[in-house]
Amino acid sequence: MQATPHPAIRGLVATLATLALLLAMDTLRLFGNQQWLQSLIGIETQYFYALTALLAPWAFLTFPSRPWIDWPLIAISIGILFGFFLTAEQALDEAWEFAAPELAVYGAMALWLIILEALRRAAGWPLCIIAGAFSILPVITEYLPGPLNGLPSSWAETASYHFLSIESVFGLPFRAFAELVIGFVVFGVVLQHSGGGQFFLNLAFALLGRQRGGPAKVAIVSSGLMGSMSGSVVTNVLTTGQLTIPAMRKSGMAPHIAGGVEACASTGGVLLPPIMGSTAFVMATLLDIAYIDVATAAALPAILYFASLYLQIDAFAGRENVTGLAAEDTPKLRKTLAEGWFYLGAFALLIFLLIFLQRESIAPYYATAALLVLNQFSRTHRLDLSAAVDLMYAVGKLLIELVVVLAGVGLIVGSLSLTGLSGTLVNDLLSLAGDDIGLLLFMGAATSFVLGIGMTVTAAYIFLAVVLAPALVSQNLDPLSVHLFILYWAMLSYITPPVALGAYAAASIAESNPLKTGFAAMRMGSVIYIIPFIFVLDAAFILQGPWYVSLQAFTEALLGAWLICAGLQGYLAGLGSLNLLWTRWFFALGGLAIALPELNWVLDNPPSNVTSMAIGTILVGLALLGHRLSATTNTPNP
């Protein structure tokens with residue numbers, strides 16, 4: 001467990017975070033037309049170098065090793081970035097990314113190694129190894145077979161391209177971070193430190209706590225919402241799970257089930273608009289579309305996932321007679337709203353600025369300012385000077401981690417760009433799949449899942465968006481649905497054994513077997529494995545088309561999800577427990593057939609949507625008949 005940092009270090013990181021925040025705000029002209037800090041910056045890359053110098057080197061303080069190692073690495077990296085800052089305009093004029101002076105090459109090589117070490121400390125060995133291996137690809141590509149054989153480059157050319165171009169470390173993902181993501185990171189941290197997390201948890205308990213399986217339903221709302229803010233599955237599990245998991249256990253849920261529910265809810269937060277853990281803004285930048293288009297498209301899939309999770313829990317609670325909390329154990333709704341109304345006000349302002357005014361770049365700053373002002377009306381969560389330092393330290397640590405991870409992912413993207421392998425890998429995937437869109441989708445899902453194991457959700461998404469997305473888009477699939485598809489599959493490793501990091505984190509709180517908790521999470525969140533195929537095969541599900549077509553697609557998917565949940569849990573509202581195993585299978589398979597929009601790549605018998613609906617209806621009809629017969633003959637439970 002990492003030791004608490006010295007107060008001086010906390011103060012230093014808080015100061016650096018404040019400077020980085022002021023620089024980002026000044027770039028957006030939030031202080032008026034006079035840009036105080038930007039007057040020192042001539043071109044965009046200088047802003048990137050300045051922002052990186054304020055954040056990345058300090059990973060060696062927030063994730064320390066030994067002072068005699070850490071401080072020299074900090075000093076060297078700041079010196080190199082300062083040199084790049086001073087020579088940025090000359091580098092642009094003379095195209096240093098392809099022919100840099102010898103001193104700049106040495107600086108880039110040193111920074112290359114330092115960034116990889118910072119990545120190892122901030123994100124662990126898996127992402128460090130992946131980024132390191134891909135970063136040297138241009139140097140060794142001529143010696144590699146088939147798909148990995150690309151355009152070769154020297155060490156000097158590769159290092160220069162990584163740090164002196166805007167296609168590698170400082171490519172589109174970093175640009176999205178510098179221009180959009182910083183504000184949302186700050187808003188999420190401020191919401192947590194000002195008591196917002198506790199408020200939304202209390203609100204969920206007040207609304208849902210007394211229902212059957214109430215604490216588990218509370219976890220869906222509170223963990224989903226806070227997961228959308230934080231963007232970190234494991235962090236969210238370890239914060240909201242401290243309250244939701246004990247409450248679930250108290251209501252009668254087995255420890256591994258309680259942990260599985262929390263893992264599913266926290267994982268789903270990454271998919272939930274309006275923030276989606278900041279990944280939505282990276283996606284909008286890569287697709288060159290407005291953020292509101294991404295948030296709108298992601299809405300129905302996210303609603304379907306959380307609705308299916310709610311239905312799973314309700315069916316489980318009905319079968320196992322899991323009760324809700326007693327009235328005295330749940331907060332009063334009126335009191336909760338009276339104590340935390342301003343959190344809803346700040347959140348409403350954020351949504352208004354994002355959706356109605358479409359000012360995504362400035363929205364989080366105004367919402368954060370409103371939250372800080374209104375927070376002073378709170379007696380219990382009012383920020384003082386010490387709390388403000390803690391707040392800015394938390395902001396700084398998260399920004400440092402993000403900028404280091406994005407730099408590591410940038411090394412991967414830059415290498416693929418320099419070698420030309422991004423297009424080659426796409427062609428190889430297409431040749432393997434042939435004309436079979438179903439096979440290509442399954443290959444894409446498997447690839448996304450495997451890469452999601454070793455990376456954070458955002459890092460895995462960026463890599464897949466470069467390597468995999470073009471292959472799927474070339475098969476006449478909607479680009480936005482393809483990017484959402486790979487995002488969904490990149491984060492599924494958090495609830496899927498053998499890795500299931502989200503479930504394992506929840507198991508540590510629930511005091512349950514980690515593997516058993518992982519399988520419980522996989523079962524509870526089972527519909528999420530189907531949802532990406534629904535919207536990638538039917539763009540109407542992401543609101544690409546007439547509203548009534550989208551409504552029909554969502555209604556069918558929700559009905560199908562309800563039947564799948566009933567089959568998996570052995571309980572259907574209105575019918576009660578489903579005692580025959582084969583009827584449960586028929587309900588689940590019938591729901592799957594109803595939910596999937598088209599099966600022409602399986603059945604090759606158009607019109608596919610009518611065929612799948614007919615098959616689903618027949619299966620559900622047989623299941624209902626079987627259940628009725630078992631009820632009249634009192635067939636024992638197998």
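**Exercise 1. Describe the lining of the largest cavity by residue class, and then name its residues.**

The lining of the largest cavity divides into 10 nonpolar residues, 1 polar residue and no charged ones, where Ala, Val, Leu, Ile, Met, Phe, Trp, Tyr, Cys and Pro count as nonpolar, Asp, Glu, Lys and Arg as charged, and the others, Gly among them, as polar. The model is a predicted one, in which local features need pLDDT of at least 70 and side-chain atom pairs count only at pLDDT 80 or more, while totals for chains, interfaces and linings use all residues. Residues are numbered from 1 along each chain as its sequence is written, and side-chain values use heavy atoms, with hydrogens and water left out.

The next step is to name the residues: Thr 52, Ala 56, Leu 81, Leu 111, Ile 115, Phe 163, Val 169, Phe 170, Phe 174, Val 403 and Ala 407 line this cavity. On a 1 Å grid over the protein atoms alone, a cavity is a set of points where a 1.4 Å probe fits but cannot get out, a pocket is an open set with protein on both sides within 12 Å along at least five of seven lines, and lining residues have an atom within 4 Å of a point. The volume of the largest cavity is about 50 Å³, taken as the space filled by probe spheres set on grid points that are joined across faces, edges and corners.

**Exercise 2. Find which helix gives the most to the lining of the largest pocket.**

Begin with the pocket itself, which has a volume of about 1700 Å³ and is lined by 47 residues, with Ser 232, Val 234, Thr 235, Leu 398 and Glu 401 nearest its centre. Among the elements that give two or more residues to this lining are helix H10 (172–193) and helix H19 (385–419), helices being DSSP runs (H or I, at least four residues) numbered from the N terminus. H10 gives the most, with 9 residues. By class, the lining of the largest pocket holds 28 nonpolar, 17 polar and 2 charged residues.

**Exercise 3. Work out how H22 and H24 are placed and which residues meet.**

The axes, which are lines fitted to C-alpha atoms over the stretch in contact, with angles running from 0 to 180 degrees between N-to-C directions, come within 9 Å and cross at roughly 135 degrees. That makes H22 oblique to H24, since angles under 35 degrees count as roughly parallel, over 145 as roughly antiparallel, 65 to 115 as roughly perpendicular and the rest as oblique. Finally, Val 457, Ala 460, Tyr 461, Leu 464 and Ala 465 in H22 meet His 483, Ile 486, Leu 487, Ala 490 and Met 491 in H24, where contact means heavy atoms within 4.5 Å. These residues divide into 9 nonpolar, 1 polar and no charged.
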